[in-house]
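Colleague: I'm new to this one. Can you walk me through it?

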Amino acid sequence: EILTLHPDGILLSNGPGDPTENQDVIAELKKLLTAKIPMFGICLGHQLLALATGAETEKLKYGHRGANQPVRDLLSGRIYITSQNHGYAVRCESLPKSAELLFINLNDQSCEGIRYLDMPAFSVQFHPEACGGPKDTDYLFDRFLNLMEQA
């Protein structure tokens, strides 16, 4: 049904709960991934995209809560202080060969972002849209727009 709309891109938003409980959504994402439509996943969307590509998630002991989570961009080396509110994380060691770790949490080294090498898709665990305050990671939305323009 989504494909009949011919979307320029798909934004997978944040949300609550255990990502593995969303089996219907994961199954739909697997179908959508074959269409090579640009995708950007945020928080729960990040986890669901990872699960759809074969990665695994795990429950964090305490979760990541608040607007003070340090995250390193592995491409630039830059550190961002991010806003987060989640209790699950993608297991870094479970990423498929077609995926690359993009961001890590500096407190516990957990996966904070993934870039997919075989499709126009990436995702982040933190909330780049969180406001008010710094807009340091707004460039991620520009990256998503560029993926849609290139498709």
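This is a predicted model: local features need pLDDT of at least 70, side-chain atom pairs count only at pLDDT 80 or more; totals for chains, interfaces and linings use all residues.

Colleague: At what angle do the axes of α1 and α2 cross?

Modeller: Roughly 70°, and the axes come within 9 Å. Helix α1 is residues 23-33 and helix α2 is residues 44-52. Helices (H or I, at least four residues) and strands (E, at least two) are DSSP runs, numbered from the N terminus. Axes are lines fitted to C-alpha atoms, for helices over the stretch in contact, with angles from 0 to 180 degrees between N-to-C directions. α1 and α2 are therefore roughly perpendicular to each other, a label for 65 to 115 degrees.

Colleague: Which residues make the contact?

Modeller: From α1, Val 25, Ile 26, Leu 29, Lys 30 and Leu 33. From α2, Leu 48, Leu 49, Leu 51 and Ala 52. Contact means heavy atoms within 4.5 Å. By class, there are 8 nonpolar, no polar and 1 charged residues. Ala, Val, Leu, Ile, Met, Phe, Trp, Tyr, Cys and Pro count as nonpolar, Asp, Glu, Lys and Arg as charged, and the others, Gly among them, as polar.

Colleague: Which residues of α1 are buried?

Modeller: Ile 26, Leu 29, Leu 32 and Leu 33 are buried in α1. They cover an arc of only 120° around the axis, so they sit on the same side of α1. The arc is that of the directions from the helix axis to the C-beta atoms. On the other side of α1, Asp 24 and Lys 31 are exposed. Buried means under 20% relative accessible area, exposed over 50% (1.4 Å probe, protein chains only).

Colleague: What do the buried residues of α1 pack against?

Modeller: β1 (10-12), β2 (39-42) and α2.

Colleague: New topic. Is His 46 buried or exposed?

Modeller: Buried, because its relative accessibility is 0%. His 46 is in helix α2. Leaving aside neighbours within four places in sequence, its contacts include Gly 41, Val 90, Cys 111 and Gln 125.

Colleague: And where does Ala 55 lie?

Modeller: In the loop between α2 and β3 (57-73). At 6% relative accessibility, Ala 55 counts as buried. Leaving aside neighbours within four places in sequence, Ala 55 is in contact with Ala 50, Val 90, Ser 94, Leu 95 and Pro 96.

Conventions
Residues are numbered from 1 along each chain as its sequence is written. Side-chain values use heavy atoms; hydrogens and water are left out. Angles under 35 degrees count as roughly parallel, over 145 as roughly antiparallel, 65 to 115 as roughly perpendicular and the rest as oblique.
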